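Dear colleague,

I am passing on the structure we spoke about, and I would be glad if you could look through it alongside the notes that follow.

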Amino acid sequence: MRTLTFGGRNFKEILRDPLNLCFLFGFPIVLLLLLSAIQANIPVSLFEIEQLSPGIAVFGLSFMTLFAATLIAKDRQSSFMHRLYTTPMTPADFILGYTLPLLPIALAEGVVCFAFALILGLKLSINVLLSLIFLLPVALLYIAIGLLCGSVLSDKQVGGICGALLTNLSAWLSGIWFDLDLVGGVFKKIAYALPFVHAVEMERAVLVGNFPAALPHLWWVLGYAAATLIAAILLFLHQMKKQ
Amino acid sequence: MVAVKLENLTKKYKDVVAVDRLSLDIEEGELFALLGVNGAGKTTAIKMLSCLTAPTEGDAFLLGKSICRESADIKAFIAVSPQETAIAPGLSVRENLSLMCGIHGFSREKKDEKIRELTEQLSLESVLDRRAGKLSGGWQRRLSIAMALISEPRILFLDEPTLGLDVLARSELWDIIRALKGKVTILLTTHYMEEAEALSDRLAILKDGKLLMCDTPDGIKAATGEDSIEKAFIRVVKEAKK
Ligand SMILES: Nc1ncnc2c1ncn2[C@@H]1O[C@H](COP(=O)(O)OP(=O)(O)O)[C@@H](O)[C@H]1O
Ligand SMILES: [Mg+2]
């Protein structure tokens, strides 16, 4: 009950910011249009809609990190969190209350992305639906990174670190924009040690119905999501005690 | 009955002693003010009393419960309006109040009744459906106090409730705080001398975390031989330096 009330507040707080809505729905649509236009003129297999749409769907989820981290950092700075600490809210209420509302938002982002991809020529199949479901662990990963950052950074730092650094990092190391094999070497090794490229390749595999190929990537994503979530919870609790 | 009892309450940060062996008693129903300039340790004292931060030494008892050992019990009967206006900016005033009701687990009927009651008590009708983040500082403070009152606290902490407000907004807020007098034990902090004088039954002068004097406003003026709290405050603080 408390979790739902608090989660409802966070849901409203995020969706009532027009800038957030622009990022959330505008960005994937613009990217899909742009890259499909390029693709129409200079065909690159990487930008075929079956390859492109899972990448954009995953990339769009990096905004979940930004949303979660900004909200938490602001609540900490405005003393709103202090007020809540003096109520019967438990740590679980806080963590679930910040996490749960972002899952439907992430799903909505995925729906918009794939729906637009369908307009651009993606073939409708059950795999599109499954791709949406497989986005959830990826969303959890990005939300957990947001919890982590929001618990330690100020809202200005969040803008820099989650807004600029992380989105870039997850873009460069994801294999969405260029084939990692073209660079190879250490760069590729780093990319495959991080979860972002695994998230993209998992989605690509699911979209073409190749589940055996998707599974190993799923473990990477889930592993990172679980580890980050645990770290975020510990940090959040530490912050709460330190107050 | 003593509502708040501080016993050698102390908070040390690395190289500063923010609150230094503070001992005092606040009676039930009293409006008590902690008066001190910026950095005197007022907010730190409130944070310890509201169980947000643990004391380095000493203890305090709220209605007999220790802040060190019984913080869960204490949270059930206290409320805080923090120094920075702690509201949900994207929600309307009504939604903010409703959020607090939800967090305290009120039924729908109780929620509606509470929102009606507090809207009237703090004259919030005209802004009920406006976004809290878009309101002026004075309205935000009012909402912040209303949110603290939702849980029907027996002890209310107001940290610099009129900080940064214009004269009119301040005077209106004073009326609201006066109206609460007697119904709930209030500990407020301020660095405005006239505010401490206008509102409090008793006040404590705080400097560098230390209690310099504690009495009624009239008692403090009499003890220092000054005719205003401001002059009395300056004298007490200067003498402490010697
Ligand atoms: N979290 C903290 N870490 C280190 N020093 C702190 C912290 N909080 C407060 N202080 C220091 O403690 C002193 C008292 O601060 P505070 O309680 O905020 O005073 P006031 O509310 O009276 O202005 C100040 O010197 C301040 O710098
Ligand atoms: Mg203060």
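This is a predicted model: local features need pLDDT of at least 70, side-chain atom pairs count only at pLDDT 80 or more; totals for chains, interfaces and linings use all residues.

B:Ser151 is found in the loop that runs between helix 5 (137-149) and strand 7 (155-159) of chain B, and, once its neighbours within four places in sequence are left aside, B:Ser151 is in contact with B:Ile78, B:Ala79, B:His104 and B:Phe106.

Because B:Thr43 lies in helix 1 (residues 42-49) of chain B, whereas B:Gln83 belongs to the loop between strand 6 (78-81) and helix 3 (93-103) of chain B, the pair ties together parts that are 40 residues apart in sequence. B:Thr43 itself, at 25% relative accessibility, counts as partly exposed.

In chain A, helix 4 (residues 62-77) packs with helix 8 (residues 126-152) at an angle of about 25°, their axes being 7 Å apart, and the two helices are therefore roughly parallel to each other. Their crossing is right-handed. Among the residues that make the contact are A:Ala68, A:Ile72 and A:Arg76 of helix 4 and A:Tyr142, A:Gly146 and A:Val152 of helix 8 of chain A; by class, this contact has 11 nonpolar, five polar and one charged residues.

Terms used. Residues are numbered from 1 along each chain as its sequence is written. Chains are lettered from A and ligands numbered from 1 in the order in which they are written. Side-chain values use heavy atoms; hydrogens and water are left out. Helices (H or I, at least four residues) and strands (E, at least two) are DSSP runs, numbered from the N terminus. Buried means under 20% relative accessible area, exposed over 50%, partly exposed in between (1.4 Å probe, protein chains only). Contact means heavy atoms within 4.5 Å. Axes are lines fitted to C-alpha atoms, for helices over the stretch in contact, and angles run from 0 to 180 degrees between N-to-C directions. Angles under 35 degrees count as roughly parallel, over 145 as roughly antiparallel, 65 to 115 as roughly perpendicular and the rest as oblique. A crossing is left-handed if the near helix is turned anticlockwise from the far one by less than a right angle, and right-handed if clockwise. Ala, Val, Leu, Ile, Met, Phe, Trp, Tyr, Cys and Pro count as nonpolar, Asp, Glu, Lys and Arg as charged, and the others, Gly among them, as polar.
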